[in-house]
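Reader: I'd like a close look at one part of this model. Could you walk me through it in plain words?

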Amino acid sequence: MEQLHRCSKRLPAVTGDLVQLGELGQQLNHCYVELDSALLRGLMDMRTAHTGLLALITLLERRDEPLLFTSEDALALLEPIQQRLKQGLEHFNGVL
């Protein structure tokens, strides 16, 4: 985001120079590709975590008998979900 802001500030200064405009256009394109990639990775991580939580909720809701796993087992089920949420937030925070 910061690089995108710097490029946009340079725009008025290079409006008359086609070579610099081309270079700035390439830099802006690169910035947008990086932003899009980070947002997509963050979204994929969040969706994966959401799917994991839905699966865990379904497991807990549809049980017909008492739970046969310990709190350590529950933590083991939740740990990968927490990791994906953390990764997704890191991708989003990198954009902001």
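Reader: At what angle do the axes of helix 1 and helix 2 cross, and within how many Å do they come?

Author: First, a quick note: this is a predicted model, where local features need pLDDT of at least 70, side-chain atom pairs count only at pLDDT 80 or more, and totals for chains, interfaces and linings use all residues. Residues are numbered from 1 along each chain as its sequence is written, and side-chain values use heavy atoms, leaving out hydrogens and water.

Now the helices, which are DSSP runs (H or I, at least four residues) numbered from the N terminus. The axes of helix 1 and helix 2 cross at roughly 155° and come within 9 Å; axes here are lines fitted to C-alpha atoms over the stretch in contact, with angles from 0 to 180 degrees between N-to-C directions. So helix 1 runs roughly antiparallel to helix 2 (angles over 145 degrees count as that).

Who touches whom? On the helix 1 side, Gln-3, Leu-4, Cys-7 and Arg-10 make the contact (heavy atoms within 4.5 Å). Helix 2 brings Leu-24, Gln-27, Leu-28, Cys-31, Tyr-32, Glu-34 and Leu-35.

The largest nonpolar core has eight residues: Leu-4, Cys-7, Val-14, Leu-24, Cys-31, Leu-35, Ala-38 and Val-95. Such a core is a set of buried Ala, Val, Leu, Ile, Met, Phe, Trp, Tyr and Cys residues joined through side-chain atoms within 4.5 Å, buried meaning under 20% relative accessible area (1.4 Å probe, protein chains only). Leaving aside neighbours within four places in sequence, Leu-35 is in contact with Met-1, Leu-4 and Val-95.

Conventions
Buried means under 20% relative accessible area, exposed over 50%, partly exposed in between (1.4 Å probe, protein chains only). Helices (H or I, at least four residues) and strands (E, at least two) are DSSP runs, numbered from the N terminus. Angles under 35 degrees count as roughly parallel, over 145 as roughly antiparallel, 65 to 115 as roughly perpendicular and the rest as oblique.
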